[in-house]
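Biologist: I would like to go through a model with you and ask what stands behind each label. Please show it first.

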Amino acid sequence: MTAPLMLDIKNLGKRFPARAGREPPPWIIQDMSFSVGAGELLTIVGPSGAGKSTLLNIIAQIETASAGEIVFDGERITGADQRALHPGLNRRIGYVTQDDNLLPWRTTIDNVLFPLEVQGTLDAAARVRAQELIDAVGLSGFERYYPHELSGGMRKRAALIRTLVYDPPMILMDEPFAAVDAQTRTQLQEDLLRLWSLKRKTIIFVTHDITEAIALGDRALVLTRRPAHIAADHPIPIPRPRNVKDIFTMPGFASIYERIRADVQ
Amino acid sequence: MRWRVWFDRLIVLVILLAAWQGGSLWLGNYWLSSPWAVATRFVASLFNGELAFHGGYTINEALAGCVIGGVPAVLLPFLLRRQPIVVAILDPFMVGGYGAPKLAFAPLFILWFGIGIESKIALVAAVVFFIVYFSTLSGVRALEPKLVQMAQMIGANERQVGRHIVFPGAVPAIFAGFRIAVPYAIGGAVIAELISSNRGLGYLVQTGAMNFDTTQVFVAILAATIIVHAFIAVIDVGERFLLRWRPRGAALIVDHGT
């Protein structure tokens with residue numbers, strides 16, 4: 001890898017603390033090591049319940065790690081003490097969760113501007129940037145709508161650009177498009193790739209959908225069932241820009257798909 | 001659909017009035033005043049300023065009591081949000097205050113605060129406080145942890161989480177609390193006036209009963225009921241504006257809550 005490392009994870013382990021008088025619970029993540037280069041779009045595929053969300057929560061500094069080390073941009077950020085965690089690492093790690101988590105009492109535009117408001121960086125230029133993002137994902141005209149008035153796909157878009165608007169160098173995405181229909185999902189994937197190609201963020205995108213992992217990723221990691229660790233690391237040799245809709249017709253898709261599927265099982 | 005509801009309401013009203021009129025004819029005007037007598041007296045009292053005088057007094061008591069009791073009841077759960085131990089310590093006392101028959105305190109309040117408006121306000125405040133406190137507390141506790149986590153991820157501090165996540169999330173519960181509290185506030189004011197006062201709707205009830213004038217008693221009760229309706233209508237307007245972010249269906253359920 002030529003790009004400098006953005007995230008380096010070494011021998012990461014996670015288990016929840018034992019309750020009094022019981023055996024310690026099994027490891028959820030054990031001896032997991034991988035690294036992500038700056039500007040890389042890494043996808044992580046794994047079966048449901050493999051600990052994918054837990055992994056992202058640990059990187060996001062929401063959950064503690066039980067073993068191992070995480071280095072972010074040259075800085076050791078592993079936390080074993082819940083109170084010492086800094087969720088989002090001072091706005092340097094964005095997190096797009098499975099639920100959109102839009103604030104129901106805020107309109108689309110106010111949800112998108114929320115991080116800037118909280119961070120005290122809301123000025124005219126920021127508003128222009130937010131409007132550009134809204135236009136880029138086709139939410140123009142819906143700025144004054146409340147979340148319950150938007151479709152599932154629109155809410156996902158709003159949640160995505162709410163994270164992009166404050167420009168964190170790394171973004172974690174936890175099956176963000178899992179709950180929408182296939183057609184909308186393809187559009188959302190295209191939106192994501194377009195936005196990513198404009199500003200090469202480092203993205204870790206977790207999914208259980210092998211096709212999605214191939215369509216989006218520079219590289220796909222395969223997680224095993226509990227305790228989760230890396231079963232395989234596949235570079236995706238499909239050139240960009242990619243046509244997400246017809247990704248399965250691209251040369252090389254079938255063979256990489258087969259190899260990942262074999263690893264998942 | 002809407003005119004149908006109003007039409008059916010009219011039918012219910014006619015049936016209620018007919019039953020009342022029948023009862024009045026059967027028992028005699030002396031024991032149970034007739035709807036017609038109440039209506040004419042009501043209009044007469046409205047125009048000679050008697051209702052405005054007494055009703056206004058009761059409204060002032062209820063409003064002042066709602067503010068004095070309601071504002072701390074709303075603020076306290078927010079201030080104690082990060083102090084679960086303090087909330088736990090206070091809990092049995094709050095439940096006690098909520099459960100104690102506050103109307104029974106009316107004679108004490110009159111003893112302490114005199115027979116003027118202060119004792120009535122004190123009673124209303126005591127009634128409103130506990131209802132709104134528990135409602136607000138439940139709203140603060142029904143906090144969506146995922147939204148808090150999202151806010152923390154983007155760098156929100158504790159104060160910002162309170163202002164942008166906890167408070168807006170609790171607004172529906174605060175409204176629900178005041179909706180429940182309003183009839184008790186008017187009721188508390190009227191009862192306190194009943195015991196000792198020379199003004200207010202409770203005073204009208206008291207003098208009416210002493211003079212065996214059931215018409216006057218009913219006029220005062222009718223006025224108090226209309227005031228409760230008006231208060232709730234004002235709350236409705238405020239709620240519709242402040243909670244316009246909610247899906248329609250959810251708002252309707254609360255609309256029928258009272």
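Modeller: Take B:Phe212, which comes after helix H9 of chain B and has a positive phi near 50°. Keep in mind that this is a predicted model.

Biologist: Which residues of helix H9 of chain B are buried?

Modeller: In H9(B), residues 201-210, they are B:Leu201, B:Gly202, B:Leu204, B:Val205, B:Gln206 and B:Gly208. A residue is called buried if 20 or more other C-beta atoms lie within 10 Å of its own.

Biologist: What do these buried residues of H9(B) pack against?

Modeller: They pack against three helices of chain B: H3 (50-79), H8 (158-195) and H10 (214-242).

Biologist: What is the secondary structure pattern of chain B, read along the sequence?

Modeller: The pattern is α-α-α-α-α-α-α-α-α-α-α. Chain B has eleven helices and zero strands. Its C-alpha trace spans about 70 × 55 × 30 Å along the principal axes, and buried residues make up 37% of its 258 residues.

Biologist: How is chain B divided into domains?

Modeller: Domain 1 covers 1-32 and domain 2 covers 44-255. Their centres, taken over C-alpha atoms, are separated by 30 Å. Those bounds come from an automatic or database domain assignment.

Biologist: What share of the contacts in chain B with a separation of 6 or more comes from residues 24 or more positions apart?

Modeller: That share is 74%. One residue to look at is B:Ala185. Leaving out residues up to four places away in sequence, it touches B:Ala62, B:Gly65, B:Cys66, B:Val124, B:Val127 and B:Val128. Two residues count as being in contact if their C-beta atoms lie within 7 Å, so each of these pairs meets that limit.

Biologist: Which residues have the most contacts inside the largest nonpolar core?

Modeller: They are A:Leu172, A:Ile204, B:Val124, B:Val128, B:Val132 and B:Ala185, in a core of 127 residues.

Biologist: How many residues does each chain give to the contact?

Modeller: Chain A gives 18 residues and chain B gives 14 residues. On the side of chain A, helix H2 (residues 108-119) gives the most, with three residues. By class, that side has eleven nonpolar, five polar and two charged residues.

Biologist: Now chain A. In what order do the six strands of the open sheet lie?

Modeller: The order is E6-E7-E8-E3-E9-E10, with mixed pairing. Strand E6 (93-96) and E10 are the edge strands, since each pairs on one side only. From one strand to the next, the twist averages 15°.

Biologist: What makes E7 and E8 of chain A a pair?

Modeller: Strands pair if at least two bridges are found between them. Strand E7 (residues 170-174) and strand E8 (residues 202-207) are joined by five bridges and run parallel, so they qualify. A:Ile171 has A:Ile203 in E8(A) as its bridge partner.

Biologist: How do you know that E9 of chain A pairs with E3?

Modeller: Strand E3 (residues 41-45) is joined to E9(A) by four bridges, and the two run parallel. The cut-off is at least two bridges, so this is a pair. A:Thr43 has A:Ala220 in E9(A) as its partner.

Biologist: In what sense do E9(A) and E10(A) pair?

Modeller: They pair in the antiparallel sense, over five bridges. A:Arg219 stands opposite A:Pro235, and the two strands form a hairpin with six residues between them.

Biologist: Why is strand E9 of chain A described as mostly covered?

Modeller: Four of its five residues are buried.

Definitions and conventions
Residues are numbered from 1 along each chain as its sequence is written. Chains are lettered from A and ligands numbered from 1 in the order in which they are written. This is a predicted model: local features need pLDDT of at least 70, side-chain atom pairs count only at pLDDT 80 or more; totals for chains, interfaces and linings use all residues. A nonpolar core is a set of buried Ala, Val, Leu, Ile, Met, Phe, Trp, Tyr and Cys residues joined through C-beta atoms within 7 Å. A residue is buried if 20 or more other C-beta atoms lie within 10 Å of its own, exposed if 12 or fewer, and partly exposed in between; C-beta atoms are placed from the backbone. Ala, Val, Leu, Ile, Met, Phe, Trp, Tyr, Cys and Pro count as nonpolar, Asp, Glu, Lys and Arg as charged, and the others, Gly among them, as polar. Axes are lines fitted to C-alpha atoms, for helices over the stretch in contact, and angles run from 0 to 180 degrees between N-to-C directions.
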